[in-house]
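Dear colleague,

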Amino acid sequence: MRHIIILLLFVLSGSIQAQEYYTRTGHVHVKSANKFKNIEADNYQIISVFNTNTGEISFEGLLRSFEFKFGALDRAVNSRNLDVSAHPKIKFKGKVKNFRRIDFNKPGEYNVKVHGNLFIWDEKRVTTADGRIYVGSDGQMSASSNFIMTIEEQSVEKLNDLMRKKLPDVLNINTNTLGVSRDIIIDLDLTYQLKTW
């Protein structure tokens, strides 16, 4: 009898473990507008894990892996002044709130709501976003979301401090002069595969 119970526990633990999906090639696109030029960047090296038993989802990526479409910004992001080395990653840890509505054995598109904590540099933002889970007929799963993150006042002041240090005093320029939007549009696309280890 003991052997049967041990075997049953082993099978159950294996099935629970098999419900975790991951990717190392997720994509994040960020966009912010200003008076002179829209600022856009892509990161194709996002790592994400999604547990279909608990609804827990996480992703992270290196700030240095963002590719800007505005060349000078690459140098700015890699600068010590922005403290990338001290806080090198963007991270999210949260949960798909209505994950039990998803039938992972039935192909289709499911609308979901995600809630959790987004960490950028040393700041934490409580984030809620709408998303979509796609279950393929081949068992593959993907997820996407787009949401707006608003820059807090203290972050705008950090940017102003940086510009005051780097630009000549006579310019007297700041984020308001540049027309930098405090809203950053974030698009996230993840294609998962079943975690088998």
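**Overall make-up**

From the N terminus on, the elements of the chain run α-β-β-β-β-α-β-β-β-β-α-α-β. The chain holds 4 helices and 9 strands; helices (H or I, at least four residues) and strands (E, at least two) are DSSP runs, numbered from the N terminus. The model is predicted, with local features requiring pLDDT of at least 70 and side-chain atom pairs counting only at pLDDT 80 or more, whereas totals for chains, interfaces and linings use all residues. Residues are numbered from 1 along each chain as its sequence is written, and side-chain values use heavy atoms, with hydrogens and water left out.

Of the 197 residues of the chain, 36% count as buried; buried means under 20% relative accessible area, exposed over 50% and partly exposed in between, with a 1.4 Å probe and protein chains only. Among contacts between residues at least 6 apart in sequence, 61% join residues at least 24 apart, where contact means heavy atoms within 4.5 Å.

Two strands are taken to pair if DSSP finds at least two bridges between them. Strand β1 (residues 20-32) pairs with strand β2 (residues 39-51) in the antiparallel sense over 10 bridges, and Gly 26 has Ile 46 in β2 as its bridge partner. β2 also pairs in the antiparallel sense with strand β4 (residues 67-68), over 2 bridges; here Ala 41 stands opposite Phe 68.

A further 4 bridges join β2 to strand β3 (residues 56-62), and these strands run antiparallel. Ser 48 has Phe 59 in β3 as its bridge partner, and Ile 47 has Glu 60. The hairpin of β2 and β3 has 4 residues between the strands, and Gly 55 in this hairpin takes a positive phi near 80°.

β3 is joined in turn to β5 by 7 bridges, and the two run antiparallel. Glu 60 has Lys 91 as its bridge partner in β5. In a regular strand the side chains alternate between the two faces of the sheet. The covered face of β3 consists of Ile 57, Phe 59 and Gly 61, and the uncovered face of Glu 56, Ser 58, Glu 60 and Leu 62.

**Aromatic pairs and Tyr 192**

The structure holds 3 aromatic pairs. Phe 50 and Tyr 192 form one that is tilted, at 6.2 Å centre to centre and 45° between the planes. Because Phe 50 lies in strand β2 and Tyr 192 in strand β9 (residues 183-194), this pair ties together parts that are 142 residues apart in sequence. For these assignments, rings of Phe, Tyr and Trp (its six-membered ring) pair if their centres lie within 6.5 Å; planes under 30 degrees apart count as stacked, over 60 as edge-to-face and the rest as tilted.

Phe 50 counts as buried at 0% relative accessibility, and Tyr 192 counts as buried at 1%. Phe 50, Phe 104 and Tyr 192 form one aromatic cluster.

The C-alpha atoms of Tyr 192 and Ser 48 are separated by 8.2 Å, although the residues are 144 residues apart along the chain. Not counting residues up to four places away in sequence, the residues that Tyr 192 touches include Tyr 21, Ser 48, Phe 50, Ile 57 and Met 141.

A search of the whole structure finds 2 cavities of 30 Å³ or more. A cavity is a set of points, on a 1 Å grid over the protein atoms alone, where a 1.4 Å probe fits but cannot get out; lining residues have an atom within 4 Å of a point. Grid points are joined across faces, edges and corners, and a volume is the space filled by probe spheres set on the points.

The largest cavity has a volume of about 200 Å³. Its lining comprises 18 residues, of which Ile 57, Phe 59, Val 114, Ser 145 and Leu 188 lie nearest its centre. β7 (123-135) supplies the largest share of this lining, 6 residues.

The second largest cavity has a volume of about 50 Å³. The residues lining the second largest cavity are Val 28, Phe 59, Ile 90, Leu 118, Phe 147 and Ile 186.

With kind regards

Note on methods. 1 Å grid on protein atoms, 1.4 Å probe; cavity = no way out; pocket = protein on both sides within 12 Å on 5 of 7 lines; lining within 4 Å.
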